[in-house]
Amino acid sequence: MSGPYPIRGSVVLPEAELQWRFSRSSGPGGQHVNTSDSQVELRFDLAGTSALPEVWKARALERLASRLVDGVVSVRASEHRSQWRNRETAAVRLAALLAEATAAPPKPRRATRIPRGINERRLREKKARAETKRGRSGRDW
């Protein structure tokens, strides 16, 4: 593994709380796939972790509710031929998933009025376009 995987800021994915499972992959690898466990399943106990702040944890539990099984989120990777690269991919994918799930909700949009100048310009352009099209008709031939 290449090191700590940052979720956001100074919060990183805790190595001690990650559970790895390996199995045979149906992905690329030729005959090699029949003998090696290159598929990786990474599991992280989101409900029981102490690595995330409580606010982030509550937010992530709510947003990832459909992906959780008993409070545990799992990510699977089998794109690469080697187990090591699949481990890297799974860990990065889990960190990105947690970063997205713990992000603060976007600020609500404040309703604003359309400026008068923009509206007037739109109407001027519509009239000019209508005049161009009217000039194409064959009435005055």
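This is a predicted model: local features need pLDDT of at least 70, side-chain atom pairs count only at pLDDT 80 or more; totals for chains, interfaces and linings use all residues.
The backbone of Asp 70 has a phi near 55 degrees, which is a positive value in a residue other than glycine. Most residues other than glycine have a negative phi.

## Ile 7 in strand S1

Strand S1 covers residues 6–8 and includes Ile 7. With a relative accessible area of 7%, Ile 7 is buried, because the cut-off for burial is under 20%.

Leaving aside residues up to four places away in sequence, the contacts of Ile 7 are Val 12, Leu 13, Leu 52, Ala 95, Leu 98, Ala 99 and Thr 102. Arg 67 lies 60 residues from Ile 7 along the chain, and the C-alpha atoms of these two residues are 18 Å apart.

## Arginines over tryptophan rings

Arg 8 lies over the face of Trp 56, and its distance from the ring centre is 4.3 Å. Arg 87 lies over the face of Trp 20, at 4.4 Å from the ring centre.

How many aromatic pairs does the structure hold? The number is zero.

How values were computed:
Residues are numbered from 1 along each chain as its sequence is written. Side-chain values use heavy atoms; hydrogens and water are left out. Helices (H or I, at least four residues) and strands (E, at least two) are DSSP runs, numbered from the N terminus. Buried means under 20% relative accessible area, exposed over 50%, partly exposed in between (1.4 Å probe, protein chains only). Contact means heavy atoms within 4.5 Å. Rings of Phe, Tyr and Trp (its six-membered ring) pair if their centres lie within 6.5 Å; planes under 30 degrees apart count as stacked, over 60 as edge-to-face and the rest as tilted. A charge sits over a ring if NZ of Lys or CZ of Arg is within 6 Å of the ring centre and within 35 degrees of the ring normal.
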